[in-house]
Amino acid sequence: MSLNVTVYFDVASTAPLHPVARQALTAALDEGWADPARLYRSGRQARMLLDAARETVAAVLGARADEIAFTASGTQAVQLGLLGALTGNRRRGGHLVHSAVEHSSVLHVAERHEAGGGEVSVVPVDRAGRVDPEAFGALLRPDTALAALQSANHEVGTVQPVGEVATLCADAGVPLLVDAAQSVGRVDVPAGWSLLTASAHKWGGPPGVGILAVRKGVRYSSPLPADEREGGRVPGYVNVPAIVAAAASLRAVRAEAERENARLHELVERIRARVPQLVPEVEVVGDPVRRLPHIVTFSCMYVDGEVLLTELDRAGFAVSSGSSCTSSTLTPSHVLAAMGVLTEGNVRVSLPYGTAEADVERFLTVLPDLVAGVRAPLGLDLPAPKPVTGTPPRAEGHAGAESDERRATDGGGSAGAESVAPGPERPGASGRIAVVDALGKRCPLPVIELAKRIGEVPVGGTVAVLADDEAARLDIPAWCEMRGHEYAGEAPAADFGGDRGSAYLVLRRS
């Protein structure tokens, strides 16, 4: 049943306009509309507003006002920061280091840099999405021109050890760019950065305002043609009213942050603990301790993320997902993939300031029935959820969209067709291999069919899942870890009768 009022739980994507931002924007449209580079009265007035906004932002970031430049977005700030620092440090070398879970804006610049002859090293993360500072430092080289590390992850909320990495970078003489889009306005800015970027619409400012801060002494050369505005770093006319509103709302949210963070942290803890208690086969992902106070991400095994998000929207909740099934590209989330967790059935809840406890309770009330409804057509015998003790259980996947489910179960495709044939002997295998042909089927269908068939082989037996969906390479090992089975590796599908794709081998252990 649709509701007239939607509860918005997606501030990690964009936050509603803060009331202070709205007031400041309205006032600045009247008082700051002129060109701040002009010397007549209205221009001088606009310049005063712009300078005041720059001072406000600088104070929050712990920077000097002349180190702050305003961009058209957080993405543009990241791109200009990376390209400008790489250009400015080109005499040192062409090596870039970044973590595996950076925002796509970093990854796209890295791809361009590599295509142009530069070198890129990617630092892996653990299952909580956190980099190891020592592993990061080990990749720094004499020719490293720049390192990049986000302050906190945008999909799972894990806070990165920026301070420790910054110390290692400083010792190596390498500038560090910190993408602080998710944390600025909510928590203290990490120390040690050389360049820092942020985005106003993440904290309740208007969209279209990004922040690029470059410390004095950091070599920086604009990758764009010269322009006299914003210290030569960002060309083009500045949106003074939007910048004024962004600065005013940043000051306001920082004043609210201590009180609201404590309250939101408690609500997120409630979600982290109760979702695995209420819903079978769920994994809460991200670091349970070193995380942002307002973000919680979980995956419901065998549940299609797009279907679940649609059902939650109908129930009156706006949430987000990192699942490939919810994206136009159908590409698995690079963040979830790097963490080694299920890339399907992912739900991200990010709470805005002022979230009511009653709304969280209603979310927890409706979620179990919605998940059960999506899973119902699958005919899976799922265990009851277990109480959470210590670290939340590992989670997984997602259930196929209704059309895919129907094709997989009504004979419209080969998914679910199984043969049992002699297979090559493998350590711990029974010598007979059950083959599940899921070729041509999108995840989570290969995982769903695996779950259906695993009980039909004896303990120690092997199931070979044939699939040509890239997500299967990520999700089948994640499923094995959650369910206590052993992922035995990958082989050509042709070895098991397939005409394309790969065979993913699973040993039944319980």
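Tutor: Start with Glu-449. Glu-449 is buried, with a relative accessible area of 2%. Keep in mind that this is a predicted model.

Student: Why does Glu-449 count as buried?

Tutor: Buried means under 20% relative accessible area. Glu-449 has 2%, so Glu-449 counts as buried.

Student: Where is Glu-449 placed?

Tutor: Glu-449 sits in helix α12. This helix, residues 445-453, is mostly covered, with eight of its nine residues buried. Among them are Leu-445, Val-447, Ile-448 and Leu-450. Arg-453 is buried too.

Student: How far apart are Glu-449 and Asp-437 in sequence and in space?

Tutor: They are twelve residues apart in sequence. From C-alpha to C-alpha, the distance is 8.8 Å.

Student: What share of the chain's residues count as buried?

Tutor: The chain has 510 residues, and 56% of them count as buried. Its secondary structure comes to 13 helices and 17 strands. Now take contacts between residues at least 6 apart in sequence: 73% of them join residues at least 24 apart.

Student: What is Val-97 in contact with, leaving aside its neighbours within four places in sequence?

Tutor: The contacts of Val-97 include Ser-121, Val-123, Phe-136, Leu-139 and Leu-140. Thr-144, Leu-146, Ala-147 and Ala-148 also touch Val-97. For a distance along the chain, look at Ala-110. Val-97 and Ala-110 are 13 residues apart, and their C-alpha atoms are separated by 8.9 Å.

Student: Next, a helix. Which residues of α8 are buried?

Tutor: Helix α8 covers residues 305-314, and Gly-305, Leu-308, Leu-309 and Leu-312 are buried there. Look down the axis of α8. The buried residues fall within an arc of 100 degrees, so they line one face of the helix.

Student: What covers the buried residues of α8?

Tutor: The cover includes the strands β10 (295-300), β11 (317-318) and β12 (346-350). Helix α10 (357-375) is part of the cover as well.

Student: What caps the N-terminal end of α8, and what follows the helix?

Tutor: Asp-304 caps the N-terminal end. One of its side-chain oxygens lies 2.8 Å from the backbone nitrogen of Glu-306. After the helix comes Gly-316, with a positive phi near 100 degrees.

Student: What should I expect of phi in general?

Tutor: Most residues other than glycine have a negative phi. Now see two residues that are not glycine. Glu-230 has a positive phi of about 50 degrees. Glu-281 has a positive phi of about 55 degrees.

Student: Where do Glu-230 and Glu-281 lie?

Tutor: Glu-230 is in the loop between β8 (210-214) and α7. Glu-281 is in the loop between α7 and β9 (282-285). Glu-230 counts as buried at 10% relative accessibility. Glu-281 counts as buried at 11%.

Student: How do I describe two packed helices?

Tutor: Use the angle between their axes and the distance between the axes. Take α2 (residues 41-61) and α7: the angle is about 35 degrees and the axes are 9 Å apart. Their crossing is left-handed. Residues that meet there include Leu-49, Ala-53 and Val-57 in α2 and Ile-243, Ala-247 and Leu-250 in α7.

Student: At what angle do α7 and α10 pack?

Tutor: Helix α7, residues 240-278, packs with α10 at about 15 degrees, with the axes 10 Å apart. Angles under 35 degrees count as roughly parallel. The two helices, α7 and α10, are therefore roughly parallel to each other. The contact involves residues including Leu-267, Ile-271 and Leu-278 of α7 and Val-360, Leu-364 and Pro-368 of α10. The crossing of α7 and α10 is right-handed.

Key:
Residues numbered from 1 in each chain as written. Predicted model: local features only at pLDDT ≥ 70, side-chain atom pairs only at ≥ 80, totals over all residues. Heavy atoms only, no water. Buried < 20%, exposed > 50% of the residue type's maximum accessible area, 1.4 Å probe, protein only. Helix = DSSP H or I, 4+ residues; strand = E, 2+ residues; numbered from the N terminus. Arc of directions from axis to C-beta. Contact = heavy atoms within 4.5 Å. Polar contact = N/O pair within 3.5 Å; in protein donor to acceptor, adjacent residues only side chain to side chain. Axes fitted to C-alpha atoms, helices over the stretch in contact; angles between N-to-C directions. Parallel < 35°, antiparallel > 145°, perpendicular 65-115°, else oblique. Left-handed = near helix turned anticlockwise from the far one by under 90°.
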